[in-house]
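Open the model in your viewer and keep the selection panel at hand. The tour goes stop by stop.

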Amino acid sequence: MTTSAAVQTTTNRLTFAAIEAGQGLNAALKQPPADALRQVAFSGLRGRGGAGFSTSLKWELAAKSAGERKYVVCNADEGEPGTFKDRVILADFADLVFEGMTIGAWVIGAAHGIVYLRAEYTYLRPHLEAVLQRRRDAGLLGSAVAGQNGFAFDIAIRMGSGAYVCGEETALIESLEGQRGEPRNRPPFPIDTGFLGNPTIVNNVETFAWVTCILAKGADWFKGLGTEKSTGHKLFSVSGDCARPGVYELPMGITVAELLEEVGGEAAKAVQIGGAAGQCVPAARFDRTIAYEDIPTGGSVIVLGPQRDLLRMSRNFLEFFLEESCGQCTPCREGIPKLLEGVELLQNGRCSMTYLEELCGLGETMQQASKCGLGQSAPNALLSIVEHFQDEILGRVVAKRPPARRERTA
Amino acid sequence: MDKELQPIGSETRAPASQRSRTAELLKHAKALGKEIDVSIDGNSVTVPLGTTILEAARELRIHIPTLCFHEDLCLAGVCRICMVEIEGQRTLQSACSYPITAPIRVSTHTAKVRRARRHVLDLLLASHHGECYICTRNGHCELQALAAEYGVDLFRFGRADRPRYAIDASSHAVVRDMNKCILCRRCVRTCIDLQEVGVLEALHRGQHTKVGTFMDKPLADVVCINCGQCINRCPTGALRANDLTDEVWEAIDDPAKHVVIQTAPSPRAGIGECFGLEPGRPLTFQMNTALRRCGFDRVFDTNFAADLTIIEEGVELLLRLQRAIVERDPAAVLPQFTSCSPGWVKYLEHFFPDYLPHLSTAKSPQQMFGALIKTYYARTNRLDPKNIVTVALMPCSAKKFECNRPEMCASGFKDIDYGLTTRELAKMIREAGIDLPKLEKSDFDNPFGTATGSGVIFGATGGVMEAALRTVLELVTGQKIENFFAHADIVPLRGFEGARYAEVPITKVGPVPALVRHLFPDWNWLRGATLKVGVCHGTANAKRVMEDIRDGGRFSHCHFIEFMACPGGCLGGGGQPTPTSPAIRAARAKAIYSEDHAYSVRKSHENPAILRVYEQFLAAGPCGHESHELLHTAYTRRGKYIA
């Protein structure tokens, strides 16, 4: 195990540590953009922010999209509760990220890159600016990147202002444009109508770093790791009731049990995977795999020991969403307070079975009808607890007939 | 017509916060002939690529409920009431904002959709604090209508039992009760994107989100221009005009008071909508009867004052031209801007205070009339002006602010005591048990009774300019306007394009008419000149024109420009019946222009009542000493910085 430079974070052995700056970029620039894209496509890399959209497809669409100005945006608004892997990458391997962005620019034909850096990571900015300057000095950014005439590309850093929802790509773009950070209607997607109306690719910090590794070590190497549908390795931010919390690079397709063994969390009664927006996996299902086809995740793994009250945890998450909802669409803005009220009723033993069912129905509506991922995933934690931990819930439901409806929510 | 300036409407500049390229896609689709098949509830239709599901459904006459959607505004997709299910998609999609770019199969009322819609309504009702019985929108509230449509029979998620916010009644024009707000943000999009004033925006986030002003200051303390367009687009009773009907009733009930009302042209074209008639059915003369039955002592026609405004404003323009052309005075300020839209006046005071000298000093017709009633009319009828109560029926919420401007009391009394909106008068008429559409007709009262068609068309965008040109051209050329424009219809100034530009060459000049002979020895200096005029409506377009003037563009060479704060002009004013849409405004405009044709005298300077006023009262003539005292005003440099 090693320790990251910026903040005391334990990591296992990371591929990134073995990649030298310039390796990936030079390999990419030796081939035409279309060939570089083909490499990314062959690797099967999917978005490491959690949604798992095919990186190459996104880039291909942006490359084809008509537009004089195109933008490469790095989503460094790492805000999912329990995620801190991007912080480690930015602190220790910023070169790989910037290089990935440069490769992205080469592929889609962009001249401008923007890193949208989480407000809480302001302390990383001087370091990142220094890395950028070093790359400019080395000719790896600027009017002719790596001596390649006609390929101009530079990267600017823009600070977020502390809104979780700005991790959603269209809200991030709104924020970049100086508007309230609120998700847009999709379609149109950013690849088509992004920053200032121009074609834009928005990718996670880790995704860009992997692109650099893929170009450096070859797409075959990456494709050989992980599962068929979820290739490669992934970084996990592990926290909670385990012996060795930290950032772990593990192959996709690993089972929850294997992961717990690695981090010393075998005694867990459940694991919250994917942060507040993710799902709660019970011990009985620790044979499930972490992969886009089973449990997708942006990397947050919160280990929950036997002593944890899951209802309390879901309340904590709902309080988080209550704070972070942008307030734009009805299901999210008005639904979250109702779910939270429901959890409080449950905690106080004042929720009837009928009302609990009503709330679960509302949760499903929120999953289906909210405008963006925040509202769509806000009910996940509560719904998965109701599904998998009925013991914890049912003990708290009022057995007798419910009181009149109006009083219940008073 | 100026193509560079965009017309208003749903295809205006892409809104920053809720950008959608639907309109653009549509344009391309039509050009490229790209079309796509879509199936909605099993019915197929072929639409241009990029058409939204809502538009396609309307094509098929399939009803999809909407709340945050409004034809005049950019897309939001936030209320989520228009959810539909698309085959193969995990989540539901909002029909109003989803552009069709691939062949899809849509279902509009599956179990999932029905449940989602009920939930959305239940949630909105849970935080909507307001009792329908005591709401101005009772009976024509979009939320109420949806609750009925979807059979809401219980408050599934509870209901707000106490208000969360204080009502903001600081403004003379607009009252905001955010407890009734459902956060559809139509008002925000109206204020930011349609009018580009930008007073209203969403504040805070999540459940604390509310629509508010800068630093949540009272509306009276921010740069609100009182146009009331937000009221017209609010689906609930969260926004309403400051209702003065109680005060007006009180004046009517007081036997010591002589209550006179003047009615503007636009309310006549709109009030029928409050009584269930389709838009575009003017009830001018039925309304006169109704007003008398309500108890008003005199019913006057604002058009009289509109004619007076045309004379004063037109002569002011000629004086400015003379100063510029004959005296070659570099300090002569041109173009002259119209000043009859109080929303526009306040807009200019806030946003372009350096251009206030361009604004005609002539008061608006409403205020001119008030000043005359409390002086000329009081004297000729031996009434004490302190016992006269002047009421103005206007299509406008900003008029409520205008009549409270401190400078508007030239006679020593408030020119106008109360400004009523069309909606408020409809309420009074209903309260008096009168079935307006079925009433017999009756005329306006003398001595101001006779009006001209020029006054009527003030209600539509371009109307003031058309009326002004009819008068100015006849005064200068000595020829009938019909010689230049058939039926005296100056068609290039009409329509709904955001900004319009026209040139009128003056080839011949005639003798100077008696009315203005003391001001102009002859017209020779105008021979061969080309009069350049502009027209624009909606403050977003006004902003474009102002920027064009600032940058030395085409409009900077104009001599006279008409500005109206509201889209469509007064007929789309903030005091007009709800709802509003481009089609409704077009119908009202048609009504106004057809009324113009019905008048025997259609030019302001031919109005005998006007000539009588100049003979008997304003002896120094247009822009003379008396008229300066009573009929002209000054403006305030407000700026846009808020203390």
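**Stop 1: chain A, whole**

Bear in mind that this is a predicted model. Chain A carries 17 helices and 15 strands. Its radius of gyration is 22 Å, close to the 22 Å that the globule rule gives for 410 residues, so chain A is as compact as a globular protein of that length. Turn to the principal axes: the C-alpha trace of chain A spans about 75 × 45 × 35 Å along them. Now colour by burial. Of the 410 residues in chain A, 58% count as buried. For contacts in chain A between residues at least 6 apart in sequence, 71% join residues at least 24 apart.

**Stop 2: the domains of chain A**

Colour chain A by domain. The assignment gives domain 1 (2-223), domain 2 (233-304) and domain 3 (310-408). Select domains 1 and 2 of chain A. Their C-alpha centres lie 25 Å apart. In the contact between them, domain 1 of chain A provides 19 residues and domain 2 of chain A provides 23 residues.

Stay on the domain 1 side. Find strand S2 (10-11) and helix H4 (85-92) of chain A; each supplies at least two residues of the side that touches domain 2 of chain A.

**Stop 3: chain B, whole**

Switch to chain B. Here there are 20 helices and 17 strands. The radius of gyration of chain B is 26 Å, close to the 26 Å from the globule rule for 643 residues, so chain B is as compact as a globular protein of that length. Taken along the principal axes, the C-alpha atoms of chain B fill a box of roughly 80 × 60 × 50 Å. Colour by burial again: 54% of the 643 residues of chain B count as buried. Of the contacts in chain B with a separation of 6 or more, 76% come from residues 24 or more positions apart.

**Stop 4: the domains of chain B**

Select each domain of chain B in turn: domain 1 (22-109), domain 2 (152-241), domain 3 (245-304 + 366-438) and domain 4 (316-363 + 450-631). Then keep domains 2 and 3 of chain B. Their C-alpha centres lie 28 Å apart. Domain 2 of chain B puts nine residues into the contact, and domain 3 of chain B puts in eight residues. On the domain 2 side, six are nonpolar, three are polar and none is charged.

**Stop 5: where the chains meet**

Show both chains. The contact takes 38 residues from chain A and 37 residues from chain B. Which element gives the most to the side of chain B that touches chain A? Select helix H3 (residues 111-127) of chain B, which gives nine residues. That whole side of chain B has 17 nonpolar, 13 polar and seven charged residues.

**Stop 6: a helix pair across the contact**

The axes of the two helices come within 10 Å and cross at roughly 105°. Show side chains next. From H13(A), pick Gly361(A), Leu362(A), Thr365(A), Gln368(A) and Ala369(A). From H3(B), pick Lys112(B), Arg115(B), Ala116(B), His119(B) and Val120(B). By class, this helix contact has four nonpolar, four polar and two charged residues.

Terms used
Residues numbered from 1 in each chain as written. Chains lettered and ligands numbered in written order. Predicted model: local features only at pLDDT ≥ 70, side-chain atom pairs only at ≥ 80, totals over all residues. Contact = placed C-beta atoms within 7 Å. Helix = DSSP H or I, 4+ residues; strand = E, 2+ residues; numbered from the N terminus. Nonpolar A, V, L, I, M, F, W, Y, C, P; charged D, E, K, R; others polar. Domains from an automatic or database assignment. Axes fitted to C-alpha atoms, helices over the stretch in contact; angles between N-to-C directions. Rg over C-alpha atoms; globule rule 2.2 N^0.38 Å. Buried ≥ 20, exposed ≤ 12 C-beta atoms within 10 Å, placed from the backbone.
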